[in-house]
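Subject: Structure handover

Hello,

Here is the structure we spoke of handing over. Please open it next to this message.

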Amino acid sequence: MTNSTESFGVTKRNFLKTCLGGLAVLSTDWSLQAASLASAPRTLRAPSVPLITCDPYFSIWSNADRLTDAPTEHWTRKPHRLTSLIRIDDSTFRIMGDEPKGAPTLPQVGLAIHPTRTIYEFEGEGVHVTLTFMTGALPEDLMILSRPLGYVAWTVRSTDNKEHGVSIYFEADSEIAVNKPSQHVVWSEDSAEGLSFARIGTSDQPMMQPKGDDVRIDWGYLYLAAKKREGTTVAIGTSRHARRQFSSTYSVSNEPNLQAPRAVEENAPVLALSFDIGAVGANPVSQWAMLAYDEIYAVQFFQQNLRPFWRSKGAGAVELLTSGAEDYDKLRDRCQTFDEQLSADARKLGGERYRQICALAYRQCIAGNKIVSDMNGQPLLFPKENTSNGCIGTVDVIYPMAPQFLLFGPSLSKAMLVYNLEYAQSDRWHFPFAPHDVGTFPQANGQVYGGGEKTETNQMPVEETGNMLILLAALAKMDGDASFFTPYWPTIQKW
């Protein structure tokens, strides 16, 4: 991917001015809008807090003021439960999720949302806990950007000049790997290169079969992984068994006699882990885990099953996890630097509240797209229409998200336009205007909106064609020439 570091600040500022201008059109009087932003509280109450935000399927959020107020959810509002407990001395507290109901909550005292990280703060019982969710959403590194992998990190320190015994519990529910809770799942555990991990997925693996808007992935496998070290255990068991075991022993182990396959709604197991941190004093102590989803194939493009881009060089689930573990320390620093740079420009242009809006917009935009590899190993960026009709590659969705990708260089911008050009120039598209979409996510097998490929009924010729021409002009300006479009020039001239 082209790295735009040399013009990073200037390019970024132009993008952010564009975003700020977009906010301005929401009001007929920009001065009133600016005054409203300036007088608004400095802390934005996000409609939904991003936790694991990789793509339209691997997308987990918290729709509550506090992380312990409600179960975490997929963006479709179906439960995708993540739970975390902390043992402080001889007592157990919730810090994520609304279960088990009988466990008291450790008070949440802070929340910050950044472009690549969400950071919760908890404090009580003589300790301070920082819970960080991180996704490697770095646009200059497509291999990392395309990874369906999120990190969860716990940092604990004493606040009362005493040492406290601390253990951490974390679980990921099997419902993350199904479209409907009636589906059956199978599970297994393994290890590789200093890692322990467990996985779970459907028994029938209906590869890219469910399509539409209100659907979730039900092929591939959900993984939970952590580094092998003393006091760290990854296990598989029902949530009731795992939580009771942690509450009594501060550790977890595999539940015996679990019968597979089993429907998720019939007390299917969860992926669980525990960290025995030991005695914690004033110096912070940290532990982290990885939650990943290997979809194996991600998008079907005109009957060709395409791999996610991170798999384009032959990597599989084990390589995803081992590379993720190896990269963690450097990636944590890179994400922090990226967040600080983008946030500083946004804050300079629009203040703290605007910075918060930009951070949310960045996370939502990344989570709405899937980066796959075409048959030649080149990236294709497919957005999904969310809470609409589930179309894939919709031009009027690409257009408003385009500034974010134009900001960081031409590679991703080309990746979100080239398949529309290929489709429009193919024998299947008979109209003198740009297509609306290329299918229904994840099946990009031809337009489904309006008259589809058959008639001009309910098409959007002016909007989609105008959007494409403006985006092509923007990309040509970024590249300094229009040679990328040479193969498509007859179609562009017709438009």
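This is a predicted model: local features need pLDDT of at least 70, side-chain atom pairs count only at pLDDT 80 or more; totals for chains, interfaces and linings use all residues.

Backbone geometry

Two peptide bonds are cis. One joins E99 and P100, with omega about -5°. P100 sits in the loop that runs between β5 (91-96) and β6 (108-113). The other cis bond joins F441 and P442, and its omega is about 5°. P442 belongs to the loop between α8 (418-425) and β22 (443-444). Strand β22 comes up again below, as part of a sheet.

Q205 is in the loop between β12 (195-202) and β13 (221-227), while Q303 is in the loop between β18 (299-301) and β19 (304-306). Are these residues buried or exposed? Q205 has a relative accessible area of 19%, and the cut-off for buried is under 20%, so Q205 counts as buried. Q303 has a relative accessibility of 56%, and the cut-off for exposed is over 50%, so Q303 counts as exposed.

Helices α6 and α9

Two packed helices are described by the angle between their axes and the distance between the axes. Helix α6 covers residues 395-407 and helix α9 covers residues 461-479; they pack at an angle of about 15°, and their axes are 9 Å apart. Angles under 35 degrees count as roughly parallel, and α6 and α9 are therefore roughly parallel to each other. The crossing of α6 past α9 is left-handed.

Which residues of α6 and α9 meet? From α6 they are V395, D396, I398, Y399, A402, L406 and L407. From α9 they are E463, E464, N467, M468, I470, L471, A474, L475 and M478. Sorted by class, this contact of α6 with α9 holds 12 nonpolar residues, one polar residue and three charged residues.

Strand β16 and its partners

Strand β16 spans residues 270-280 and is mostly covered, with eight of its 11 residues buried. How many bridges does β16 form with β10, and how many with β14? Strand β10 (residues 164-172) pairs with β16 in the antiparallel sense over nine bridges. In that pairing, A172 has L271 of β16 as its bridge partner. Strand β14 (residues 232-237) also pairs with β16 in the antiparallel sense, over six bridges. Here G237 stands opposite V270 in β16.

The sheet of β19, β18 and β22

Three strands form an open sheet, in the order β19-β18-β22, with mixed pairing. The edge strands are β19 and β22, each of which pairs on one side only. Between β18 and β19 the pairing is antiparallel and runs over three bridges. Q300 stands opposite N305 in β19.

Regards

Note on methods: Residues are numbered from 1 along each chain as its sequence is written. Side-chain values use heavy atoms; hydrogens and water are left out. Helices (H or I, at least four residues) and strands (E, at least two) are DSSP runs, numbered from the N terminus. Buried means under 20% relative accessible area, exposed over 50%, partly exposed in between (1.4 Å probe, protein chains only). Axes are lines fitted to C-alpha atoms, for helices over the stretch in contact, and angles run from 0 to 180 degrees between N-to-C directions. Angles under 35 degrees count as roughly parallel, over 145 as roughly antiparallel, 65 to 115 as roughly perpendicular and the rest as oblique. A crossing is left-handed if the near helix is turned anticlockwise from the far one by less than a right angle, and right-handed if clockwise. Contact means heavy atoms within 4.5 Å. Ala, Val, Leu, Ile, Met, Phe, Trp, Tyr, Cys and Pro count as nonpolar, Asp, Glu, Lys and Arg as charged, and the others, Gly among them, as polar. Two strands pair if DSSP finds at least two bridges between them.
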